[in-house]
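Work through the exercises below with the model open. Try each task before reading its solution.

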Amino acid sequence: MKENTGVLAIDFGASSGRVMYGTYDGEQIHLQEVHRFTNDPVIVGDTMYWDVLRLFHEIKQGLVKAKKTGAYSSIGIDTWGVDFGLIDERGYLLENPVHYRDNRTKGMLEYGFSKIPEEEMYQITGNQFMEINTVFQLLALKSQRPELLERAKELLLMPDLFNYLLTGETAAEYSIASTTQLLDAGRKQWSGRVLEALDLPKEILPEVVPSKTKIGKVRESICEELGIEPADVIAVAGHDTQSAMVAVPAQEKDFLFLSCGTWSLIGTELDEPLINEQSKKCNITNEGGFEGRISFLKNIIGLWMIQESRRQWIREGTEYGFGELEKMALEAEPLKCFIDPDDPVFLPAGNIPKRIREYCREKGQHIPTTAGEIVRCINESLAFKYRMAKEEIESCVGKTFDRLYLIGGGVQSALLCQLTANACNCEVVAGPVEATVLGNVILQLIESGAVKDLAEARRLVMASEDIKRFQPVDSSVWEEKYQEFKELLNEHVIQNV
């Protein structure tokens, strides 16, 4: 990378996308937002789609704006996992990709297990079972619209699809491929056994390439259209969680992390997949990352419920800011009521506050009425769910962790950070907020040779970012309430058997 030349990190989140300009002066990485845009799914009929053509237009707008900020040598794109688009034999996108929150995958989990035993599927893929996973989306497509699948020449996961739209080159980046439940976790290649058992076409899956692979250059036609210089497109860790993992400021080899945004992902980093009866029982996933490392983690709903509650209050006529909601939650009485954040009732969009009140009423708990009580209930329940996942991970790896590295949007909530320290009874090291973008930028800097390796990158993050530490308080009270929380969830499991 030329001196004083930047890189562009394009990050797609649950509600917005950003084009960020990153530079490295030899001591610190500097980030500057050059373009932000909404990332709203579009419902047509009964189907929820990515608005992919508008989003690609927004990428182009970001490229134009970025040239006013400074020269850039490369571009990296990250998104959430599992979603994909289909390309036909002439290279055209067959239709807008379907969003994972669409309901087409209902019942596909059981259908899949009728074709390949659950135990065998987990043993091969090491993935946590969720109906939103790519494999179950493909089963739904095969069942409901087989003609579309028959027309497909290639399947491209979302960051790979945007890379293709920019360059015309196709590949399957390793980290995003590992979210599909189609990858053999040990071999790091597509599983012929899973594909054959489910009668899914292997030929539409591109070659799996390592994170940090140079895919190609921005198409000449795009450069002419936008008046920009050709830049390299790097397949960074396309799954946003794995880009964020690069920016975990841990200096020790064994550490516990919590990437907290719309979803929460809590886990540890391993050299090889850990797939056994205990990890399957705990429904823990093995996700691929940079340098072939494995994130042994669990998916938990994250800030989604607070985001969606805020949207509901806006619909009702009151537009709270997130800071205002946190202030009201701080003022609410602690540890009054709990929910299971992963109860399916809380996954769809809609009136989350009403569902929380109904849940608490059914469980004979205090019924939260104010916005502050609702937010407090969500945060405390999340913190206890993190504790449960922490204990499951510790039981699988045979280690205990007295520190948790919290990264991502959740860092902005001092309340959640403190509650997590209290519930988990361990130190919480919070930061960076922009972990995903930082990791995206860092992988491009490593590819260019400006940063040596992952260890140097993590030292750089610790030295240059605003990192805060939270210590647990009132441990005995929180321990007592944690036992109540576990009993509540066990009761819920029994009732649903």
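**Exercise 1.** How many of the eleven residues of helix α4 (residues 134-144) are buried?

*Solution.* First, the ground rules. This is a predicted model: local features need pLDDT of at least 70, side-chain atom pairs count only at pLDDT 80 or more, and totals for chains, interfaces and linings use all residues. Residues are numbered from 1 along each chain as its sequence is written, and side-chain values use heavy atoms, with hydrogens and water left out.

Next, the terms. Buried means under 20% relative accessible area, exposed means over 50%, and partly exposed lies in between (1.4 Å probe, protein chains only). Helices (H or I, at least four residues) and strands (E, at least two) are DSSP runs, numbered from the N terminus.

Now count. Eight of the eleven residues of α4 are buried, and the helix is mostly covered. The buried ones are T134, V135, F136, Q137, L138, L139, A140 and L141. Then look for the cover, where contact means heavy atoms within 4.5 Å. It includes β7 (84-87), α2 (108-115), α3 (118-125), α5 (146-151) and β8 (154-157).

**Exercise 2.** Which residues does Q181 touch, not counting residues up to four places away in sequence?

*Solution.* Locate Q181 first: it sits in the loop between α7 (174-177) and β10 (183-184). Its relative accessible area is 0%, so Q181 counts as buried. The residues it touches, with that sequence limit, are M121, T125, N127, Q128, F129, N133, V135, F136 and V194. V135 and F136 also belong to the buried residues of α4.

Then check the polar atoms. A polar contact is a pair of N or O atoms within 3.5 Å; within protein, one must be able to donate a hydrogen and the other to accept it, and residues adjacent in sequence count only if both atoms are side-chain atoms. The side chains of Q181 and N133 make such a contact at 2.9 Å. A polar atom of the Q181 side chain also lies 2.9 Å from the backbone oxygen of N127.

**Exercise 3.** In what order do the seven strands of the open sheet run?

*Solution.* Start with the pairing rule: two strands pair if DSSP finds at least two bridges between them. The order is β17-β18-β16-β15-β19-β20-β21, with mixed pairing. At the edges are β17 (285-288) and β21 (468-470), each pairing on one side only.

Now take the pairs one by one.

- β17 and β18 are antiparallel, over four bridges; E287 has S295 as its bridge partner in β18.
- β16 and β18 run antiparallel and are joined by eight bridges; T268 has F296 as its partner in β18.
- β19 (residues 403-407) and β20 (residues 427-430) are parallel, over four bridges; L404 has V428 as its partner in β20.

Finish with the turn of the β17 and β18 hairpin. Five residues separate the strands, and E291 takes a positive phi near 60°.

**Exercise 4.** Which residues of β18 point one way and which the other?

*Solution.* I294, F296, K298 and I300 point one way; S295, L297, N299 and I301 point the other way. Eight of the eight residues of β18 (residues 294-301) are buried, so the strand is largely enclosed by the rest of the structure.
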